[in-house]
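Here are some brief notes for a colleague looking over this entry. Please read them with the structure open.

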Amino acid sequence: METKENDKLLKNFFSEQKQEIDDNGFTKRVMRKLPESPNRDWIVWAFACIGILFSLVLGFNSGAIQNGLMFFEHIPIYYLLAGIFCFPLVGSIGYYFVQNQSY
Amino acid sequence: MSNTDDLRWVSQLTLLGDKSAFDKLTCKYQSPIRRFFLNLTMGDAPLSDDLAQETFIKAYLNINSFKALSGFSTWLYRIAYNVFYDSARAQKHYADLDEYVIDNLHQTQNEFSAEKMDIYKALKILRKEEQMAVLLFYMEDKTHNEISKIMNCPLGTVKTYILKGKEKLTVYLTKAGYGN
């Protein structure tokens with residue numbers, strides 16, 4: 001019982017003393033003091049290029065790309081146009097839902 | 001902002017070298033780390049800011065050693081703990097200064113001195129390890145397990161530090177008329 005009361009006393013004391021310290025340029029000072037690190041964006045691009053190249057080679061060798069192109073050749077032009085015009089509409093609806101979710 | 005954000009920012013920093021991710025981490029943790037040092041240095045704001053800065057720079061330089069076995073916050077406090085002890089060992093800052101000098105330093109350097117004197121007086125009656133454990137437990141809301149990782153000592157020892165600290169502080173605060 002006494003332990004609980006002591007615990008409560010200390011919790012109250014420390015929560016009264018707890019303060020949030022304003023940044024006041026502290027983060028900027030830290031960031032200025034950090035050593036320069038090499039930019040590693042090239043890793044993403046390198047892996048992206050390797051991935052694209054790999055999928056192209058695989059696609060051509062298996063004939064999947066040729067089949068895909070033939071498939072598109074046989075689609076009526078109106079279907080393609082409808083698909084293209086639907087794109088912004090679907091995109092806008094998706095964007096609207098994402099925006100609503102973040103608030 | 002959750003631990004998931006921390007992990008995302010750490011990944012951005014380690015994989016892409018994205019410094020802005022570290023900016024977000026610093027911004028998020030500057031207040032608790034500076035408060036932690038401010039209490040440990042008995043309100044010496046310039047010294048606590050220097051120590052906090054050193055902590056963040058060390059965290060940046062050693063970010064690859066963060067294995068996400070514990071939270072980023074626990075890892076950062078572990079660095080802060082080491083920075084504080086390295087600084088105390090190097091300067092023997094607190095052992096060599098007498099009480100009068102410390103009090104004078106507080107009056108000139110600490111912007112919160114008037115309101116904070118009570119907590120510094122209370123903390124002074126504890127040993128350094130007890131101060132550390134009590135501050136992490138009551139002020140920074142860390143669990144016993146996290147404190148044991150931060151202070152790199154067994155769970156039982158942490159519990160003893162907190163218990164002894166609690167006993168001493170309760171007596172002190174009751175005598176001072178706090179809570180009446």
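1. The model discussed below is predicted.

2. In chain B, helix H2 (residues 19–40) packs against helix H8 (residues 128–139) at an angle of about 140°, and the two axes are 11 Å apart. H2(B) and H8(B) are therefore oblique to each other. Their crossing is right-handed.

3. Which residues make this contact? H2(B) contributes B:Phe36, B:Asn39 and B:Leu40, while H8(B) contributes B:Gln131, B:Leu135 and B:Met139. By class, the contact of H2(B) with H8(B) has 4 nonpolar residues, 2 polar and no charged.

4. In chain A, helix H3 covers residues 41–62. At 1.5 Å a residue, its 22 residues should span 32 Å, and the end C-alpha atoms are 32 Å apart, so the two values agree. The number of buried residues in H3(A) is 0, so this helix lies largely in the open. After H3(A) comes A:Gly63, with a positive phi near 85°.

5. Between the chains, the contact involves 26 residues from chain A and 26 residues from chain B. On the side of chain A that touches chain B, the elements giving two or more residues are helix H1 (2–17), helix H2 (26–33) and H3 of chain A. H1(A) supplies the largest share of that side, 8 residues. Sorted by class, the side of chain A that touches chain B holds 11 nonpolar, 7 polar and 8 charged residues.

Terms used: Residues are numbered from 1 along each chain as its sequence is written. Chains are lettered from A and ligands numbered from 1 in the order in which they are written. This is a predicted model: local features need pLDDT of at least 70, side-chain atom pairs count only at pLDDT 80 or more; totals for chains, interfaces and linings use all residues. Helices (H or I, at least four residues) and strands (E, at least two) are DSSP runs, numbered from the N terminus. The expected span of a helix is 1.5 Å times one less than its number of residues. A residue is buried if 20 or more other C-beta atoms lie within 10 Å of its own, exposed if 12 or fewer, and partly exposed in between; C-beta atoms are placed from the backbone. Two residues are in contact if their C-beta atoms, placed from the backbone, lie within 7 Å. Ala, Val, Leu, Ile, Met, Phe, Trp, Tyr, Cys and Pro count as nonpolar, Asp, Glu, Lys and Arg as charged, and the others, Gly among them, as polar. Axes are lines fitted to C-alpha atoms, for helices over the stretch in contact, and angles run from 0 to 180 degrees between N-to-C directions. Angles under 35 degrees count as roughly parallel, over 145 as roughly antiparallel, 65 to 115 as roughly perpendicular and the rest as oblique. A crossing is left-handed if the near helix is turned anticlockwise from the far one by less than a right angle, and right-handed if clockwise.
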